[in-house]
Amino acid sequence: MKESADQPSFQSVLLAMPPAGIARFKAIIESYDNLATLRTEDPRHHYLRLYFDPASAAGVNALLDSLSAAFSIRRIAP
C-alpha cells in the first residue's frame, strides 16, 4: 500500500487488559494472517497497541468486540 498525505498507511487502537490474558490474546491476533500487529505500549499499565491496515478496520473491530468480554478488553482513548 502506498502511503499518501490523505490516508495513513496504518491505524491503531490502544487497549488494556489483565496481564493473565495477554499471551493468549496475542496468539489469537497472530492466528489471523496479516490482520494486525500487537505491541506493548506501556507494560506498567498493561496497555497494548494494535496496528492494522485501514482496510482491515471493520474486521479488527469485530474481532475486538467478540473478544472483549472474555479478555476484559478496555479501549483506551488515544
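I started with the secondary structure and found two helices and four strands in the chain. Helices here are DSSP runs of H or I with at least four residues, strands are runs of E with at least two, and both are numbered from the N terminus. Reading on from the N terminus, I get the order β-α-β-β-α-β.

A note to myself on the source: this is a predicted model, where local features need pLDDT of at least 70, side-chain atom pairs count only at pLDDT 80 or more, and totals for chains, interfaces and linings use all residues. Residues are numbered from 1 along each chain as its sequence is written, and side-chain values use heavy atoms, with hydrogens and water left out.

Next I looked up the whole chain. It has 78 residues, and 33% of them count as buried. Buried means under 20% relative accessible area, exposed means over 50%, and partly exposed is in between (1.4 Å probe, protein chains only). I then checked contacts (heavy atoms within 4.5 Å). Of those between residues at least 6 apart in sequence, 64% join residues at least 24 apart.

Then I went for the rings. How many aromatic pairs does a search of the whole structure find? It finds two. My cut-offs: rings of Phe, Tyr and Trp (its six-membered ring) pair if their centres lie within 6.5 Å, and planes under 30 degrees apart are stacked, over 60 edge-to-face, the rest tilted.

I have Phe-10 down as partly exposed because its relative accessibility is 43%. Tyr-51 is partly exposed too, with a relative accessible area of 29%.

Phe-25 and Phe-71 also pair edge-to-face, with 5.6 Å centre to centre and 65 degrees between the planes. I noted both Phe-25 and Phe-71 as buried.

Last, I looked at Asp-42, which lies in strand S2 (residues 37–42). Is Asp-42 buried or exposed? Asp-42 counts as buried because its relative accessibility is 15%. The side chains of Asp-42 and His-45 are joined by a polar contact of 2.8 Å. For that term I use N or O atoms within 3.5 Å; within protein, one must be able to donate a hydrogen and the other to accept it, and residues adjacent in sequence count only if both atoms are side-chain atoms.
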